[in-house]
Amino acid sequence: MPETKDWMNDLNEIEIQEPELTEAEMQRLTRSVLQRTGQGTRQQGRRTAKTARRHLPVWARGLLSAAACVILLAGVNSVQPAMAEGIPVLGDVFAYFNHLSKGYLQGDGLTQYAQPAQLQAESAPAAVPEAEPKTMTAQQSAAETLPYTLTLRQVYCDELYLRVGLVLTASDDSLAGFDAVTIDPPVLYEDTSREEANTLYGGVTMNGEAIGGDLLPCFRKQDDRTFFCEMQYNLQNYTGGTQDIQVSLTFSNLVGVTEGSEDKTPLEGSYNLNFTVSEDASLTRVGQIQGGEQNDIRLVSLKATPGETCIAYTAESVPEGVALYPQMLTEDGTFLEWVRGTPETDGETTKYYFDAVPEGVTTLTVRIIDKNSEEQTVLAEWTVTLPE
């Protein structure tokens with residue numbers, strides 16, 4: 001598949017700004033994933049573990065690093081079960097994650113504009129080797145006995161992000177001993193397609209186009225039988241239509257994890273959600289920028305939605321040793337945090353995503369500082385006015 005190879009070559013050439021994993025960390029992650037492939041996936045039959053490790057592409061290592069981060073986020077200190085008492089019975093997932101520590105984009109108005117839902121995922125038993133196909137009757141029978149239910153509770157889609165609120169529930173106490181539920185995807189190979197990788201790592205397809213998530217799925221414990229998850233999908237590279245978008249989301253290779261342990265307990269089943277959503281750009285506010293170009297840096301645009309805020313800037317030349325770092329402040333001096341991860345760049349324009357601008361705020365200050373300087377020197381500063 002030439003187009004897939006081109007995509008992988010492009011990814012291999014991307015300069016990643018996050019610190020690289022140490023050799024020991026990479027070996028530990030690789031061992032963990034290779035252990036998972038010993039459970040009868042079709043990839044296992046194609047290669048030995050030794051060969052698989054040698055062919056692990058650079059872009060797959062990035063996904064493994066993300067997987068490690070999700071496990072770290074699943075600690076008890078990050079989970080706030082007490083908050084569940086103030087959440088409606090149907091589960092206001094967005095409100096819950098809006099009050100967690102950073103790692104997620106946050107917006108006070110997200111719940112107000114989100115579309116409520118009550119859609120149960122289609123479930124099936126775990127995948128079996130191709131040499132041992134199950135009949136449809138057997139699959140349906142096994143699905144009926146699965147102890148877990150995945151339900152779509154909230155959806156929000158603007159021109160920047162698709163946000164999905166999910167609830168995983170158990171019919172018994174088999175999840176009671178876990179602090180979180182995430183996924184432990186099998187190893188990826190050089191000939192793994194974009195679509196296969198997307199599905200294995202909790203991505204969606206929108207009108208058939210694969211869109212990866214900002215973070216791997218992490219369901220956080222609310223009580224012994226209920227876990228919440230918010231998925232965020234950046235639409236920067238989505239090229240399809242924006243109305244009546246056919247969305248498909250698949251979760252498989254679910255595992256239960258506990259605080260302070262590297263153990264991952266496999267959970268049964270694969271879960272698929274299919275729903276329709278339309279982009280709503282009516283609430284997007286475009287900022288009017290005052291300040292012009294400073295030190296060869298220009299703020300190109302600022303877009304504010306109920307879910308997030310996006311800035312785009314260009315820097316014609318960056319002196320050696322200077323590290324550009326954006327800041328956004330409201331009129332009262334409150335800093336809006338940007339989502340963790342690598343900023344987007346097309347070689348000329350760089351984009352950062354911040355938390356949503358609080359309701360009622362119409363004036364912002366955007367700065368670019370030199371993070372490497374002791375004084376964190378301000379290299380450029382603009383005043384941005386938003387329509388009310």
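**Strand pairing, a buried valine and aromatic pairs**

Val-255 is buried, since its relative accessible area is 1%, where buried means under 20% relative accessible area, exposed over 50% and partly exposed in between, for a 1.4 Å probe and protein chains only. The structure is a predicted model, in which local features need pLDDT of at least 70 and side-chain atom pairs count only at pLDDT 80 or more, while totals for chains, interfaces and linings use all residues. Residues are numbered from 1 along each chain as its sequence is written, and side-chain values use heavy atoms, with hydrogens and water left out.

Val-255 belongs to strand S11, residues 254–257; helices (H or I, at least four residues) and strands (E, at least two) are DSSP runs numbered from the N terminus. When neighbours within four places in sequence are set aside, the residues in contact with Val-255 include Ala-180, Val-181, Thr-182, Ile-183 and Asp-184, as well as Lys-264, Thr-265, Pro-266 and Leu-267, contact meaning heavy atoms within 4.5 Å. Of these residues, Val-181 lies 74 residues from Val-255 along the chain, yet the C-alpha atoms of the two are separated by 5.6 Å.

Elsewhere, five strands make up an open sheet in the order S15-S23-S22-S18-S19, with antiparallel pairing; two strands pair if DSSP finds at least two bridges between them. The edges of this sheet are strand S15 (288–290) and strand S19 (335–336), each of which pairs on one side only. Strand S22 (residues 363–370) and strand S23 (residues 378–385) run antiparallel and are joined by seven bridges, and Val-366 has Trp-382 in S23 as its bridge partner.

Aromatic pairs are defined for rings of Phe, Tyr and Trp (its six-membered ring) whose centres lie within 6.5 Å, with planes under 30 degrees apart counted as stacked, over 60 as edge-to-face and the rest as tilted. By this rule there are seven aromatic pairs. The pair of Tyr-161 and Tyr-353 is edge-to-face, because the ring centres are 5.3 Å apart and the planes stand at 85°. This pair links distant parts of the chain, with Tyr-161 in strand S4 (residues 161–170) and Tyr-353 in strand S21 (residues 349–354), 192 residues apart, and both Tyr-161 and Tyr-353 are buried. Phe-219 and Phe-251 also form an edge-to-face pair, at 5.7 Å centre to centre and 90° between the planes. Here Phe-219 in strand S8 (residues 218–223) and Phe-251 in strand S10 (residues 245–251) are 32 residues apart, and Phe-219 and Phe-251 are both buried. One aromatic cluster is formed by Tyr-313, Tyr-325, Trp-338 and Tyr-352.
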